[in-house]
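Colleague: I am new to reading protein models and would like to go through one feature by feature. Could you take my questions in turn?

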Amino acid sequence: MILIVCSSVFQLYVALLIKKVFLQDRDVDLILTDSTPIFRTLHKNEKLKELFHSVRFVPVGENIKKLNRLEKSRYGRMFFELFPRKYTKKVWEIDVKKYQECYFSSYTRQNVMLQYAIKRKRKGTKVHILEDGISTYLVKNGQYLRLPKLLRKLFRVQPIEELLDSVYVFEPELVCIEEHKNLVKIPKPQEVEGLVDLLNEVLTQSDYEIKEKFIFFEESFNNDGYVTNDSELINTLWEACDGKDFILKHHPRNRADRFKTILPTVDAPIFWENYFLNHSIDNHVLVTVSSNTVFVPHIISAAQPTVVMLYKIFNGTSPILGSGNFEAYVEKYLNHYEDYTKKKFYIPETVEEFQQIIQKLKQENEVQK
């Protein structure tokens with residue numbers, strides 16, 4: 001039996017590809033967590049139930065809060081590292097005995113403990129990473145063992161990087177993490193018969209179409225507790241657009257709408273990764289600080305939207321921007337897709353330059369009309 005864990009829409013998107021292409025004839029259980037609010041209902045989707053052996057929603061965040069000080073304390077963490085199956089029962093609400101393989105995406109503590117539990121149950125089990133967008137290419141494991149070396153040796157507890165069997169990504173050439181070995185290339189959705197239709201069924205294709213020229217993709221800085229100037233940058237674009245031909249796309253993990261009734265937003269329940277498979281976005285301008293949403297359209301579907309990235313005028317941080325590999329990834333991306341990016345990618349170094357770029361793109365749009 002195989003287990004796939006998803007905490008974001010993009011992870012589910014990739015999980016469907018992997019199930020359809022690599023695990024077509026295997027029994028696979030799917031867990032959707034409470035990191036993405038819509039999973040509370042999406043796990044009931046009938047198409048998902050047909051495709052997977054079982055589909056479960058698990059409130060991982062809520063279960064971690066219940067552990068309280070035990071999970072956060074030094075000795076509590078050591079106990080769970082020695083007996084990870086105890087952790088999986090409390091946090092993941094499962095017993096891992098039946099799983100021979102597991103696919104996960106991010107190095108959260110709860111994910112890492114799940115991998116320990118599965119790997120230690122029996123010899124020959126396999127642990128894989130599936131792409132979670134840009135973070136898979138550049139964010140290293142930030143979880144460290146609390147156990148002393150003697151106990152690690154006695155109980156055969158290994159760092160998670162030593163347990164990985166393979167890493168599934170769309171573009172192996174862009175991976176910036178040396179520890180990621182055995183890279184497996186994921187095919188594009190259009191290359192797999194019937195997959196776009198499957199994605200439309202699961203993620204609910206919408207008739208809604210974005211008409212506005214400029215789309216700002218909000219990131220989850222506010223939801224994750226980071227203090228940044230992203231709202232100022234959003235408003236700078238809004239003002240540069242003279243309050244028109246602009247729309248804001250909220251991040252699906254953000255639970256609070258900071259701009260309700262103030263700025264025009266995408267209110268329709270669209271999933272971006274699926275949206276650009278059904279609609280041309282080549283005439284749009286995608287603006288963001290560092291979101292994966294501006295990279296994946298070309299990687300996945302060869303779309304060619306104009307992109308403006310604001311990380312050089314951004315005040316704040318995040319796991320992606322703080323990884324040390326972000327700019328290396330951007331440079332790799334620009335070089336790898338040079339025929340596209342040299343004409344359509346902008347990375348301003350000042351707010352004034354950002355405003356000038358928007359004015360230039362507005363004028364070009366007027367000429368094209």
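Colleague: Is Asp95 buried, exposed or partly exposed?

Modeller: Keep in mind that this is a predicted model. Asp95 has a relative accessible area of 26%, so Asp95 is partly exposed.

Colleague: Which residue forms a salt bridge with Asp95?

Modeller: To find a salt bridge, look for a side-chain nitrogen of Lys or Arg within 4 Å of a carboxyl oxygen of Asp or Glu. Asp95 forms one with Arg85, and their closest N and O atoms are 3.2 Å apart. Asp95 lies in the loop between α7 and β4 while Arg85 lies in helix α7, so the pair ties together parts that are 10 residues apart in sequence. Salt bridges with shared partners join Arg85, Lys89, Asp95 and Lys97 into one network.

Colleague: How many salt bridges does a search of the whole structure find?

Modeller: The search finds 17. One of them is a salt bridge between the side chains of Lys98 and Asp29, at 3.2 Å from N to O. Here Lys98 belongs to the loop between α7 and β4 and Asp29 to strand β2, so this pair ties together parts that are 69 residues apart in sequence. Lys98 is partly exposed because its relative accessibility is 43%. Asp29 has a relative accessible area of 3%, so Asp29 is buried.

Colleague: Which residue forms a salt bridge with Lys47?

Modeller: Lys47 forms a salt bridge with Glu50, with the closest N and O atoms 3.4 Å apart. Both residues lie in helix α3 (residues 46-51), 3 residues apart, which is about one turn of the helix. Lys47 has a relative accessible area of 26% and is therefore partly exposed. Glu50 is at 58% relative accessibility, so Glu50 counts as exposed.

Colleague: How is a pair of packed helices described?

Modeller: Two values are used: the angle between the two axes and the distance between the axes. Take helix α4 (residues 60-67) and helix α7 (residues 84-92): their axes come within 8 Å and cross at roughly 120 degrees.

Colleague: Which residues of α4 and α7 meet?

Modeller: From α4 they are Val60, Asn63, Ile64 and Leu67, and from α7 they are Tyr87, Lys90, Val91 and Trp92. By type, the residues of this contact are 6 nonpolar, 1 polar and 1 charged.

Colleague: Now the sheet. In what order do its strands lie?

Modeller: Sheet order is read across the sheet, strand by strand. This open sheet has 7 strands in the order β3-β2-β1-β4-β5-β6-β7, with parallel pairing. At the edges are β3 (54-58) and β7 (183-185), each of which pairs on one side only. On average, neighbouring strands of this sheet are turned by 20 degrees against each other, direction ignored.

Colleague: How many bridges does each pairing have, and which residues stand opposite each other?

Modeller: Strand β2 (residues 28-33) pairs with β3 over 5 bridges in the parallel sense, and Asp29 stands opposite Ser54 in β3. Strands β1 and β4 also pair in the parallel sense, over 3 bridges, with Ile2 opposite Glu101 in β4. Strands β4 and β5 run parallel and are joined by 4 bridges, and Cys102 stands opposite Val127 in β5.

Colleague: Which way do the side chains of β4 point?

Modeller: In a regular strand, side chains alternate between the two faces of the sheet. In β4, Glu101 and Tyr103 point one way, Cys102 and Phe104 point the other way, and all are buried.

Colleague: Which strands does helix α1 lie across?

Modeller: Helix α1 (residues 9-21) lies across β1 (2-6), β2, β4 (101-104), β5 (126-130) and β6 (164-169). Against β1, the helix runs at about 155 degrees.

Colleague: And what about the protein as a whole?

Modeller: The protein has 17 helices and 12 strands. Its radius of gyration is 21 Å, which agrees with the value near 21 Å for a compact globule with 369 residues. Of those 369 residues, 55% are buried.

Conventions: Residues are numbered from 1 along each chain as its sequence is written. This is a predicted model: local features need pLDDT of at least 70, side-chain atom pairs count only at pLDDT 80 or more; totals for chains, interfaces and linings use all residues. Side-chain values use heavy atoms; hydrogens and water are left out. Two strands pair if DSSP finds at least two bridges between them. Helices (H or I, at least four residues) and strands (E, at least two) are DSSP runs, numbered from the N terminus. Axes are lines fitted to C-alpha atoms, for helices over the stretch in contact, and angles run from 0 to 180 degrees between N-to-C directions. Contact means heavy atoms within 4.5 Å. Ala, Val, Leu, Ile, Met, Phe, Trp, Tyr, Cys and Pro count as nonpolar, Asp, Glu, Lys and Arg as charged, and the others, Gly among them, as polar. Buried means under 20% relative accessible area, exposed over 50%, partly exposed in between (1.4 Å probe, protein chains only). The radius of gyration is taken over C-alpha atoms; the globule rule is 2.2 Å times the number of residues to the power 0.38.
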